[in-house]
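Dear colleague,

I am handing over a structure that you have not worked with before, and I would be grateful if you could look through it alongside the notes below.

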Amino acid sequence: MGLVGGLMIGLAASLYLLGNGRIMGASGIIGGLVDKSEWSSATDRIVFLIGLILAPSIYIFIFEFEADTKATTNVIILILAGLLVGFGTRLANGCTSGHGVCGISRLSIRGIASTVFYIFAGVVTVALLRNLWGAIQ
Amino acid sequence: MRRLVAFCSGSLFGVGLLLSGMTDTSKVQGWLDFFGNWDPTLAFVMGGAMVPMFIAWRFTEGRKPIYAEKFPSRSQSNIDRDLILGSVLFGVGWGLAGLCPGPAIASLGFGGSQSALFVLAMLLGMRLTPSIRLQISSSSAT
């Protein structure tokens, strides 16, 4: 399912690029609304986000797909992680979709470098969580 | 038409994230658990997503988007401090919770209070970025 889902993500990004001439980066699409830096394309962004929220839930409902984020219930970790992801992706100007999927496939140096750094930081964080703190199973 | 494209793209992205396991934090953290019980699934997700996009970028050369004037130009900036610092902080948050921006939004409909809380904090982080960025640059200038 990883490959099928991945292809769908790539097709979604291709559609957004070839149709609207925009890079399908989740943090940029959200961030441009949150700080109003790209207010001119606000309706495109809002409509994109409506699809992003509704489609998975509709899919789960129709196909009785078992979905569970299995996210931690630790409120402090959730808030801290959310703040870091929000701030970090805006400072770096991209996340897994923008720098990762769209950037690497364009052979963008910034996209490749960003991906190396966030995966490295993620690997170190998970290793610390698992081995030192034992916070995740 | 731009809105229809955006809606279809967002929907396809959302279902792709769901099916690929990107909204399952145990899969994401399992993939990042390189020195433990490594789960390779996400490598296939990334690889699978690259294929259509690699072709799409090829296709943009010498052409125009269907519903826009031009394709996005390459960023003029190089690998700078903001890119590295931002990516590292993002990676720490991604490792801590197993959620990145797209899957966090995609899971709002079924992820309960955890997804909602994470997204609220993420939006706050994004909202505060311009002012924090100003403070960083002014403090390093002095």
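How far apart are the end C-alpha atoms of helix α3 (residues 41–60) of chain B, and what should its 20 residues span at 1.5 Å a residue? The end C-alpha atoms of α3(B) are 30 Å apart, which agrees with the 28 Å that its 20 residues should span, where the expected span is 1.5 Å times one less than the number of residues. Helices here are DSSP runs of H or I with at least four residues, strands are runs of E with at least two, and both are numbered from the N terminus.

Before going further, please keep in mind that this is a predicted model, in which local features need pLDDT of at least 70 and side-chain atom pairs count only at pLDDT 80 or more, while totals for chains, interfaces and linings use all residues. Residues are numbered from 1 along each chain as its sequence is written, and chains are lettered from A and ligands numbered from 1 in the order in which they are written.

Chain A as a whole

Chain A has six helices and zero strands, and from the N terminus on its elements run α-α-α-α-α-α. Its C-alpha atoms fill a box of roughly 45 × 40 × 30 Å along the principal axes. Of its 137 residues, 58% count as buried, a term used for a residue with 20 or more other C-beta atoms within 10 Å of its own, whereas 12 or fewer make it exposed and anything in between partly exposed, with C-beta atoms placed from the backbone. Among the contacts in chain A with a separation of 6 or more, 41% join residues 24 or more positions apart; two residues are in contact if their C-beta atoms, placed from the backbone, lie within 7 Å.

Where the two chains meet

In the pairing of the chains, 96 residues of chain A are in contact with 102 residues of chain B. The elements of chain A that give two or more residues to this side are α1, α2 (26–34), α3 (42–63), α4 (75–92), α5 and α6 (109–133), and the largest share, 19 residues, comes from α1(A). By class, this side of chain A has 59 nonpolar, 28 polar and nine charged residues, where Ala, Val, Leu, Ile, Met, Phe, Trp, Tyr, Cys and Pro count as nonpolar, Asp, Glu, Lys and Arg as charged, and the others, Gly among them, as polar.

Two helices that cross

Within chain A, the axes of α1 (residues 2–20) and α5 (residues 96–105) come within 11 Å and cross at roughly 90 degrees, the axes being lines fitted to C-alpha atoms over the stretch in contact, with angles from 0 to 180 degrees between N-to-C directions. That makes α1(A) roughly perpendicular to α5(A), a description that covers angles of 65 to 115 degrees. The contact is made by Ile9(A), Gly10(A) and Ala13(A) of α1(A) and by Ser97(A), Val101(A) and Cys102(A) of α5(A), and these residues divide into four nonpolar, two polar and no charged.

The α3 helices

In α3(B) there is a bend of about 25 degrees at Val51(B), and a proline, Pro52(B), follows within four residues; the bend is the angle between axes fitted to the seven residues ending at a residue and the seven starting there. The buried residues of α3(B), including Leu42(B), Met46(B) and Pro52(B), pack against α1 and α5 of chain A together with α1 (2–20) and α2 (25–32) of chain B.

In chain A, the 22 residues of α3(A) should span 32 Å, and its end C-alpha atoms are 32 Å apart, which agrees. Its buried residues include Asp44(A), Arg45(A) and Phe48(A), and what covers the buried residues includes α1 and α2 of chain A together with α1 and α5 (101–106) of chain B.

Single residues to look at

Glu64(A) has a positive phi of about 50 degrees although it is not a glycine; it lies in the loop between α3 and α4 of chain A and is exposed, with 7 other C-beta atoms within 10 Å. Leu107(A), also not a glycine, has a positive phi of about 55 degrees, sits in the loop between α5 and α6 of chain A and is exposed, with 10 other C-beta atoms within 10 Å.

Ser20(B), by contrast, is in helix α1 of chain B and is buried, with 27 other C-beta atoms within 10 Å. Leaving aside its neighbours within four places in sequence, Ser20(B) is in contact with Met1(A), Gly2(A), Gly5(A), Gly6(A), Ile9(A) and Val45(B).

With best wishes

Technical notes:
Parallel < 35°, antiparallel > 145°, perpendicular 65-115°, else oblique.
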